[in-house]
Structures are given as structure tokens and as C-alpha cells.
Amino acid sequence: MIDIPDELIATQYAYNGAAGRAFVAALPGLAARFLEEWGLRRDGAVMYGMCALVLPVVREADGVPAALKLQLVDEETAGEPVALRAWGAAGAGAVGVLGHDPGTGALLLERLDEGRPLSGMAVGGGVPGGSRLVGEVADARRAVTVLGGVLARLAAVPAPEGLRTLGDAVERMLAAAPGVVERLADEGERRLLADCVAAVREVAGEPGDRLLHWDLHYDNILAGRADAGRAGEWVALDPKPLAGDPGFELFPALDNLFDAGEVVWRFDALTEALGMERDRGRARAWTLGRVLQNAVWAVGDGERELAPDHAEIARRLLGVG
């Protein structure tokens, strides 16, 4: 039997309704099924994120450490095994796939060092507007530089056929945008989001074709394990893949461990890592597109204001902060 974390239960119930409740109810049976079918034994405490339960395991046949990931398959997660295999074939620095069950979405993944997320390097992050020690800023900037290198390797890979696309997402965002802007309570935020919409319209006709992670923040990069030949390597996991422009990838690294004073530095460092120094206008427009995407979701949930960090990112990139 497994203990399902209360936080995962609450998230599934809140965001996925009946489907989430069914998923939670099925988890013990799914875990037991794949432990037996794939010849696995448990090897540590249950881990979890917003949408998945992860069991550290060992393959009994060869002693290889692995991670059994169980998650509700939806539009965002359906392409995960396709993306991970494409990156794996290209040697692009993503976690390896050892097994996949298409019917349930269960994944058997290479085990990484869960005790060493990249966020651990950025020890001074997450203090909006606060004072920062020189060493803390340097640590956080090293983490951004590492993330930029991982991002560049992932985005160099063309997207396989059949994944969701940035073009489709942009169509939906722009269709919803007038109503979203209108429902914001603050006039300044309405103007700010209207500027985001205008920027996205300028690049909407060229949504791109690279394989994007979409959620590459500092906790979604872990250190590799020496016993898997990954000593010294930083490895990406938990993608929500889509086909699109690499500029759409920058927002999580600006928002996660948010620091208003570092937004522009991080943006410049990431565009340089992606080779977009001469096309920062496009990268900025797609980053503002993430602000718009989040606003569409928030207003759809009844909010009437932008998330403060998201608004500040937009202001800084537009030069009005």
C-alpha cells in the first residue's frame, strides 16, 4: 500500500474534479500493478508534484535505480514520453525513459538525484524587492546560467509530429484577450496586459517548431547520478511539451525564485544562451505571451488582477518598471 500525500489529493480534487478523484482512487492499484509488471521494488519515500506521484524503485532484474511516475494524462502531459524520447535520441539532457504504458500514462524513468535540484544552487532567490548579498546573487545567477544551458540543448531539437502547438495556444489566447483585459479591475493593469497582447500579435504568425519543455524552472532540473553515467550533469524532467518558439520558454526561469531586480539580467542571460541576442524583441514578445496565458487562466478562474510577480515581469521587459 502507498500513502497518497494530502497535497496531491487536494490538487487533483481542486483542478481536475471528477477525473482527479478517480485518478487518486486508482493510484494504489496502479502502483501495485506496475511494481509487479515491471519487476520493481520500492526504494524510498513517496514523492509528488502538482500532478504526479513518483515512487523511487529498483529494477529487480538488473538492480538499476529508477522512478515510477503515475499521473493523470491530459493535454499537457500526453506528449511527455514522446518528448523525452526525442531529447534522449538527440542527447539533449533530459531524463531517460525506461518504460511507458500508453493506456495509463505510467512512466518508468531514469533515477536522478532528487536531493540536488538546481534550485538548491540559487540559495538567495525568492525575495521580491528585498536586499540581497553579493554571494547570494552570484549563486542565483549561476543557477540561471545552468538553466540556460539546459534550455538551449532542449530547444535545439525539432518537435516531433503530433504534439500540441504554440500556434494553437496563441489563437486561443488572442481570442480570449479582449474579455480578459476588460475584466481586470485596475486601469494600469489593463494597459499593461493590452501591451502584452499587442506584442504577441506581432509574433503570432511565426509560432516556431522547436520542442519546448514549457515548465523549465529550477526544481525541474536535477543533478544526474554517477551510477547512471550522469555525474556532473544537470538533467531536465517533468516537461509539458509543445512545438513552438524557444522564446516561449523563458518565463518560468524569471518567475520561479522571483527577484524583481534580476528579471532583465536573467532575460538577457537566457536569450544569450539560446542564441537570441539579436532577436530579443521576439523573445520578449513570447515571454509577454506567457504573462497573457497566465492572465487568461486566472481571469477564467474569477480573478480580477494580475499576479504581482507576473505584472512586474511584464513591466520590466516593457521598460515601464
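At what angle do helix α4 and helix α8 pack, and how far apart are their axes? Helix α4, which spans residues 166-183, and helix α8, which spans residues 280-300, pack at an angle of about 60°, and their axes are 9 Å apart; here axes are lines fitted to C-alpha atoms, for helices over the stretch in contact, and angles run from 0 to 180 degrees between N-to-C directions. That angle makes α4 oblique to α8, given that angles under 35 degrees count as roughly parallel, over 145 as roughly antiparallel, 65 to 115 as roughly perpendicular and the rest as oblique. The helices (H or I, at least four residues) and strands (E, at least two) are DSSP runs, numbered from the N terminus.

The model is predicted, and local features need pLDDT of at least 70, while side-chain atom pairs count only at pLDDT 80 or more and totals for chains, interfaces and linings use all residues. Residues are numbered from 1 along each chain as its sequence is written, and side-chain values use heavy atoms, with hydrogens and water left out.

On the α4 side the contact (heavy atoms within 4.5 Å) is made by L166, A169, V170, M173, L174, A176, A177, V180 and R183, and on the α8 side by W286, G289, L292, Q293, A295, V296 and V299. The residues of this contact of α4 with α8 divide into 13 nonpolar, two polar and one charged, where Ala, Val, Leu, Ile, Met, Phe, Trp, Tyr, Cys and Pro count as nonpolar, Asp, Glu, Lys and Arg as charged, and the others, Gly among them, as polar.

Helix α4 also packs with α5 (187-203). The axes of α4 and α5 come within 10 Å and cross at roughly 160°, and the two helices are therefore roughly antiparallel to each other. In this pair, too, α4 passes α5 in a left-handed crossing. V170, L174, A177, V180, V181 and E182 of α4 make the contact with R190, L193, A194, V197, V200 and R201 of α5, and the residues of the contact divide into nine nonpolar, no polar and three charged.

Helix α8 has a further partner in α7, residues 263-273, which packs with α8 at an angle of about 120°, with the axes 11 Å apart. The crossing of α7 and α8 is right-handed. In α7, the residues F267, D268, T271 and E272 meet R280, A283, R284 and T287 in α8, and this contact divides into two nonpolar, two polar and four charged residues.

Several of these helices come together around α9, residues 308-318, in which H310, A311, E312, I313, A314 and L317 are buried, buried meaning under 20% relative accessible area, exposed over 50% and partly exposed in between, with a 1.4 Å probe and protein chains only. The buried residues of α9 pack against α5, α6 (251-255), α7 and α8. After α9 comes G319, whose phi is positive, near 80°. Helix α2, residues 80-90, has E80, P81, A83, L84, A86 and W87 as its buried residues, and α2 is followed by G91, with a positive phi near 60°.

W214 lies in the loop between β8 (210-212) and β9, and its phi is near 80°, a positive value in a residue other than glycine; W214 is buried, with a relative accessible area of 10%. L257, placed in the loop between α6 and α7, likewise has a positive phi, of about 55°, although it is not a glycine, but L257 is partly exposed, at a relative accessible area of 21%. G224 sits in the loop between β9 (221-223) and β10 (234-236) and is buried, with a relative accessible area of 8%. Although G224 and E110 are 114 residues apart in sequence, they are 9.3 Å apart in space, C-alpha to C-alpha. Leaving aside its neighbours within four places in sequence, G224 is in contact with L112, R230, E233 and V235.

Finally, R33 lies in helix α1, residues 6-37, and is partly exposed, with a relative accessible area of 33%. With neighbours within four places in sequence left aside, R33 is in contact with D101 and T104.

Terms used. A crossing is left-handed if the near helix is turned anticlockwise from the far one by less than a right angle, and right-handed if clockwise.
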